[in-house]
Amino acid sequence: MTDFDDATTEGTQSSPSWGGVCVKLLQGPLYRTGVDDVNWKTLTTWLSEINNYFEKIGLIVLVNQGDGYAYLSQLDDFKAREAMNGFEDVDDEDMHKDSEGEKIPRLIKKMPMTVELSMLCVLLREALDRAEGEDSSELVLKESEIKDMIVPYLKTMSDQTKIMKRLDEYISQLIKLTFIREINENENAAAGKEREFEIRRIIKSRISPTFLEEFKKRLLEQNEKNGVSEK
């Protein structure tokens, strides 16, 4: 074997067993698919090591064991601190580590949402809360039911074609955010039935009680400014 081959062999290290989970987390939220979910088991088994890895680039993994989802957040993100309630293995001191040294550029991009999309997320969060209050294991809504929630807030738009296009865009954005997941897709398509969506519980961590309070406050201020009174 040549010196070059020796150097290549010595410099090559195998990826850790949890490396694939890190890649999936960088791609988006990770969801538990069942009791035998290999990725979820790897995540929960190696969570400390995975967080140590992401800490170097200013990230932290927030894991909700009860609802079965996990996602990456910036260490210095206020929402990450707020989301700690209900999440496992989040050390309060870890939230400040990156502030002690050089500021790390933001890696997790925030998706800007229109007022209408924000309102739809709020309405879905409240619908999920009601379903949980009725001891429902999951909330499934038809596409028309989701769209009907936001239609009253699009009443200033007179062009029906534009309204329908906007509603389709909202559905696509909710899917991209992983707030909703289409279910029975093939069966419904084959039977010519309406699309159905599961409202995922991750929306509760992204649309927090603080967000709800602040959003409603701003909406009330905007209504007062526009001369709209609440019933």
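**Group meeting: a walk through one predicted chain**

Let me start in a loop: Thr-178 sits between α9, residues 160-176, and β5. This is a predicted model, and Thr-178 has a positive phi of about 65° in it, although it is not a glycine. Most residues other than glycine have a negative phi. Is Thr-178 buried or exposed? Its relative accessible area is 14%, so Thr-178 counts as buried, the cut-off being under 20%.

Asn-184 belongs to the loop between β5 and α10, which covers 185-191. Asn-184 is not a glycine either, and its phi is positive at about 50°. With a relative accessible area of 38%, however, Asn-184 is partly exposed.

Now the strand itself. β5 runs over residues 180-183 and contains Glu-182. What does the side chain of Glu-182 pair with? It makes a polar contact of 3.0 Å with the side chain of Arg-195. Leaving aside residues up to four places away in sequence, Glu-182 touches Arg-195, Glu-196 and Phe-197.

Phe-197 takes us to another residue, Ile-146. With the sequence neighbours up to four places away again set aside, Ile-146 touches Leu-120, Leu-124, Leu-141, Ile-171, Leu-174, Phe-197 and Ile-199. The largest nonpolar core has 37 residues, and those touching the most other members are Leu-120, Leu-124, Ile-146 and Leu-174. The element that gives the most to this core is helix α7, residues 115-133, with 10 residues. There is also a second, separate core, of 15 residues; among them are Trp-18, Leu-25, Phe-54 and Val-63. As general background, nonpolar side chains in soluble globular proteins tend to be buried together.

A word on cysteines. Cys-22 is buried, at 4% relative accessibility, and so is Cys-121, at 0%. How many disulfides does the count give? The count comes to zero.

Finally, the chain as a whole. The secondary structure amounts to 12 helices and six strands. The chain has 231 residues, and 37% of them count as buried. Among contacts with a separation of 6 or more, 59% are between residues 24 or more positions apart.

Thr-178 is buried, whereas Asn-184 is partly exposed.

Notes. Residues are numbered from 1 along each chain as its sequence is written. This is a predicted model: local features need pLDDT of at least 70, side-chain atom pairs count only at pLDDT 80 or more; totals for chains, interfaces and linings use all residues. Side-chain values use heavy atoms; hydrogens and water are left out. Helices (H or I, at least four residues) and strands (E, at least two) are DSSP runs, numbered from the N terminus. A polar contact is a pair of N or O atoms within 3.5 Å; within protein, one must be able to donate a hydrogen and the other to accept it, and residues adjacent in sequence count only if both atoms are side-chain atoms. Contact means heavy atoms within 4.5 Å. Buried means under 20% relative accessible area, exposed over 50%, partly exposed in between (1.4 Å probe, protein chains only). A nonpolar core is a set of buried Ala, Val, Leu, Ile, Met, Phe, Trp, Tyr and Cys residues joined through side-chain atoms within 4.5 Å. A disulfide is a pair of cysteine sulfur atoms within 2.5 Å.
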